[in-house]
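Hi everyone, thanks for making time today. Please have the sequence and the 3D view open while I talk, and stop me whenever you get lost.

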Amino acid sequence: MSAPIQVQAVTKAYASKKLFEDVTVTFNPGCRYGLTGPNGAGKSTFMKILSGELDGDTGSVWRPKRTSVLKQDQFAFEEYRAIDVVLMGNKGLWSALVEKEQLLAKPDISDAEGERLGELEGVIAEEDGYEAEAHAAALLSGLGIPESQHERLMKEVAGGLKLRVLLAQALFGKPDALLLDEPTNNLDLDSIRWLEEFLCEYEGVLLTISHDRHFLNAICTNIADIDYNTIIVYPGVYDDMIVAKGQIRQRVEQENAERQKKISQLQEFVAKFHAGTRASQVQSRKKQIDKLQLNDLKRSNIERPFIQIGVKKPSGKQTLTIEGLSKTWPNANDGEDVVVCDNFHALVTKGEKIAIVGANGVGKTTLCKLLVGGLRPDAGVVTWGHAASVGHLAQDHREGIPNGTTVQEYLHSFDPQASLQDVRGLLGRMLFKGEEGVKPTDALSGGEAVRLIFAKLMLTQDNVLVLDEPTNHLDLESIIALGDALEKYEGTAFVVSHDRELVSSFATRLFAFTPEGLVDFRGSYDDFLERYAKPAGKRS
């Protein structure tokens, strides 16, 4: 059994903002921890402290020697083969392989170098080096990287696949501890399912940050939640933590209410009789008041936006007609064109909720652009029905938000008749509070850009939504709020997402990219998986 990760009295602050204070916690082997908290709570900062990349302001961290970290710099290994980048995940093995190759390249080898070769062979054998490339290839294939890419230099591998290579690197070599920051980013649904199965069999210490609630519920044995300027570890999956956290806070609030009621009664007695003949009883009541201290109930830093998208005017019953739609898109990576759709037909009626799903690179964003008129099809027509009003959130969430203005001015431009109070109210619902309403649009983070687009959609109240990866840059609380909003939305929705919890919560129909091409599947996402999905461990 590997050793734990131990954190002792760690504090970290930036300027006047304290992220966490005096944190002491042990992460045990055999346990898989989800590290949760809202955007800005300090999740990535804490992960960097655990890995040793960053020091806390106070305290110390002890980690196993073989601690593996998911790297975020996808351009750090451009001159190496993808499979070699994976092998680098085991530093001892990689070092031995490189040194062995250098020695064997020499025309003459001294006796000392011959002895060193023997030592290196021992290290390679001990690290299972003769099966290493096969293991590395299995990891790459499991994460959806085709064999044709394994021998390529990283500079020749597509951007989305580079991050998968770095994930394979982190998983390689049976590390004692594994630190993964957003490992499901850029993974398609089949790859996420494969990763879940892999991690559930992992025996070391695992900590992962993820905004994918389904992923956390599938793999976690514990949740380490950053809130109240500390880290509290809860047993169970993410959904269990939400329930337990709510129950704890509710219990403390109830106890405080009961104590406050008792304190008020005692204070009333003291005020009534403090100058009378019942001095001893008054003193007794004062002592009781001193003992009845309220529990310290710090303010949670978790905030959930209030997303409620109304419909100003309903569309006609036949909202969208797609006839013979065909589109082929050139693929710069391997020269083969991507057939997005070929003679695709569909009739969508008012109020239907459609998820657009499929692997990366198959054309989900292209399909969205065809729907909103941003691209012309090669053949066929897309026809919106009577009174259809389309609200669009592009995959590049900054698209359509101009620089040189403020959040408030941008929003007001879509309805100049709206009162400033209404605009500020909408911004407040999307967590733009106080002076954040006059924040320059140039300075928006990814999450803020998404929330601003949703504020705009709440203002324009379109009867059709086309949302391309709306969960990118959102924290879990915001994703849950979005799922609730889509479920209650009375218009027609088309949503691209890899978030299975979100898709399962709202979609009653799928436009799905499958090996058979683009299919119109009527049913839930779970029904679709039963029919089309490969078993998680059978990735080819």
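Predicted model: local features only at pLDDT ≥ 70, side-chain atom pairs only at ≥ 80, totals over all residues.

A residue is called buried when its relative accessible area is under 20%, exposed when it is over 50%, and partly exposed in between.

Where does Ala-387 lie? You will find Ala-387 in the loop between strand 13 and strand 14, the latter being residues 390–393. Ala-387 has a relative accessible area of 27%, so it counts as partly exposed. Its backbone is worth a look as well: Ala-387 is not a glycine, and yet its phi is positive, at about 65°.

Now for the whole chain. We have 540 residues, and 46% of them count as buried. There are 18 helices and 18 strands. If you draw a box along the principal axes around the C-alpha atoms, that box comes to roughly 105 × 75 × 45 Å. The chain exposes about 26,300 Å², with carbon and sulfur atoms supplying 48% of that area. As for charge, we have 61 positive and 77 negative charges, and their mean positions lie 10 Å apart. One more overall number: take the contacts between residues at least 6 apart in sequence, and 69% of them join residues at least 24 apart.

Next, please find helix 5, residues 132–142. Which residues of helix 5 are buried? They are Ala-132, Ala-136, Leu-139, Leu-140, Ser-141 and Gly-142. The buried residues of helix 5 pack against several other helices, among them helix 2 (82–87), helix 3 (91–104) and helix 7 (159–171). Helix 6 (147–150) and helix 8 (189–200) are also partners of those buried residues. Just after helix 5 comes Gly-144, with a positive phi of about 85°.

Let's zoom in on one of those partners. Ala-168 lies in helix 7. Is Ala-168 buried or exposed? Its relative accessibility is 0%, so Ala-168 counts as buried. Ala-168 and Leu-139 are 29 residues apart in sequence, but from C-alpha to C-alpha they are 5.7 Å apart in space. Leaving aside neighbours within four places in sequence, Ala-168 is in contact with Val-86, Leu-139, Leu-140 and Leu-143.

Three of them form an open sheet in the order 11-10-13, with antiparallel pairing. Strand 11 (338–349) and strand 13 (379–384) are the edges, each pairing on one side only. Neighbouring strands in this sheet are turned by 15° against each other on average, ignoring direction. Helix 12, residues 364–372, packs on the sheet and touches strand 10, strand 11 and strand 13. The direction of helix 12 makes about 130° with that of strand 10.

How many bridges join strand 10 to strand 11? Eight bridges do, with strand 10 covering residues 318–329 and the two strands running antiparallel. Asn-343 is another residue that is not a glycine but has a positive phi, of about 55°. With a relative accessible area of 48%, Asn-343 is partly exposed.

My last stop is strand 17, residues 509–514, where six of six residues are buried. Arg-509, Phe-511 and Phe-513 point one way from the strand, while Leu-510, Ala-512 and Thr-514 point the other way. Strand 17 has two pairings for you to trace. With strand 12 (353–357), strand 17 pairs in the parallel sense over four bridges, and there Ile-356 has Phe-511 as its bridge partner. With strand 18 (517–522), strand 17 runs antiparallel and is joined by six bridges. In that pairing, Ala-512 has Val-519 as its partner. Strand 17 and strand 18 form a hairpin, with two residues between them.

Key. Residues numbered from 1 in each chain as written. Heavy atoms only, no water. Buried < 20%, exposed > 50% of the residue type's maximum accessible area, 1.4 Å probe, protein only. Contact = heavy atoms within 4.5 Å. Areas by Shrake-Rupley, 256 points an atom, 1.4 Å probe, with all protein chains shown as cover. Lys, Arg positive; Asp, Glu negative; His and termini not counted. Charge placed at Lys NZ, Arg CZ, Asp CG, Glu CD. Pairing = 2+ DSSP bridges. Axes fitted to C-alpha atoms, helices over the stretch in contact; angles between N-to-C directions.
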